[in-house]
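Please read the points with the model open.

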Amino acid sequence: MWIGIDDTDSPEGMCTTYLGAVLARRLEASGIPVHSLRLIRLNPTIIWKTRGNAAIAIGAGGDPDTAFSIAESLIEELADLGCERTNPGLVVCGDRRPPAAFAEEAITGFCTIEGAIDACIEAGARYRGWKNGRGLIGAVAAVAAELDDSTSEYLVYRDVGRRERERVVDRKTLTTAEEMTHPHTWDTVDAANNVVVCVPHTPDPVLFGIRGENPVWVSLARNLIESEDPAIEALFETNQGTDAHLLPGMIGSLEDGRSYIVVGTVSTHPATGIGGHVSVRISDRDLHLTCMAYEPVKGFREIIRALAPGDRIVACGSYRNNTLNLEKCCILDAPPLRIAEAPICPECARKMTSAGTRKGYKCRRCGKREEDPAVRFEERHLVPGWYEVPPSARRHLARPLCRGSPPLPDNVVNLISDQVDWL
Ligand code: ATP
């Protein structure tokens, strides 16, 4: 059977993954063997999320009714039901799981509570929603998700008695863990920006979490880390770091609240606005899209600032309010800049000046005229290839480049196959 749970936390505390880790222990203690713990991230643009829009699924054997009642009591015990925005959902299904398409929509788009209930009924699943029952969406998506690609996260949780105090995790050992296991693990520390990424600052039970390729690498890294005494630990299989949220998109037909991979040609000079946010427009024929690199993406903004009209790029990110919030991009082509300027007078060797609009150039000393400007080409420092935001600004679902070049959808490959064979 699969047990799915979502929406148990609030900004003041708790975390659905923690509830999942505790539930796995309680099930085992009641003689229900647990064979799988999954952490499924859903659409990152959803407004109802508390933090990272996570839901959990537990694969187990044994009696579904017993599992359901153990999970029910644990939700009542741990969920922050006093918070208006906390609306837990629980689903337990047997051999028949809700359709994978429901999970795909929850990861890339929008689902309804009614849709989640219909999926439960069709799959013959037991389910319960608390308050408005919105958590049923995530709970159903978590049990329905097919993980074609997956990664691991090793989560370590704090003792309840310590939660008011500052987290104690030895920074030197975090750096050692990163050095010894990267690129098989990622987002432990952000060396370039001198930030510890794997230790949260939010009031939840997580002490730290190590993300990586598989259970072996994250366990290895975890064992190198020294910290305050943890309460419990759990290893999750997850869709984090897989780009599962990205859809193939075309400029001009993107839907608000979804995340895309699009191809475009840079059509304006990048501009830095208030707060250090960088914007640049890319186009496909006469359709345009503004891409944003916000201040928290730090050094990634330098790449966007180095773009110039005519460059072709593949852009990845979430589309909201008519802009694409960049997570990573691939520079396909950054041709030398064509710079047209006033020519040098062949008689006097002095720079000519404009003779007026569309009237060419004139030497102010000898009166010689030239129709055309002098053209020179300036080499670019921007090297074609993939670039990404730093670990401190990475979305949970975004696939880090240390996992290799992202697999591209067919429509993107078709659009760029004439241009690159190195992708
Ligand atoms: P938690 O640790 O509790 O899971 P969170 O940051 O993951 O915190 P939630 O508190 O679960 O966020 O809030 C997200 C809510 O949005 C849940 O009720 C979930 O069912 C719902 N939700 C998630 N994805 C979608 C979607 N694609 N369409 C509609 N609702 C969604």
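1. Start with the ligand shell. Helix α5, residues 135-144, gives the most to the shell around the ligand, with 3 residues. Keep in mind that this is a predicted model.

2. Look next at the whole shell. The ligand is surrounded by 23 residues. Asp-7, Asp-9, Thr-50, Arg-51 and Ala-54 are the closest. By type, the shell residues divide into 8 nonpolar, 9 polar and 6 charged.

3. An oxygen atom of the ligand lies 3.0 Å from a polar backbone atom of Asn-53. Taken alone, the ligand exposes 630 Å², and the protein buries 99% of that.

4. Now the annotation. UniProt, in an unreviewed entry, lists residues 3-118 as "domain: TiaS-like TCKD". Over residues 3-118 the chain is 38% helix and 21% strand.

5. Helix α4 spans residues 113-122. Its buried residues are Ile-113, Ala-116, Ala-119 and Cys-120. Seen down the axis of α4, these fall within an arc of 120°, so they line one face of the helix.

6. What does the face of α4 turned away from its buried side carry? Glu-114, Ile-121 and Glu-122 sit there, and these residues are exposed.

Definitions and conventions. Residues numbered from 1 in each chain as written. Predicted model: local features only at pLDDT ≥ 70, side-chain atom pairs only at ≥ 80, totals over all residues. Heavy atoms only, no water. Near = heavy atom within 4 Å. Polar contact = N/O pair within 3.5 Å; in protein donor to acceptor, adjacent residues only side chain to side chain. Areas by Shrake-Rupley, 256 points an atom, 1.4 Å probe, with all protein chains shown as cover. Helix = DSSP H or I, 4+ residues; strand = E, 2+ residues; numbered from the N terminus. Nonpolar A, V, L, I, M, F, W, Y, C, P; charged D, E, K, R; others polar. UniProt positions renumbered as here; feature names shortened; annotations may be inferred. Buried < 20%, exposed > 50% of the residue type's maximum accessible area, 1.4 Å probe, protein only. Arc of directions from axis to C-beta.
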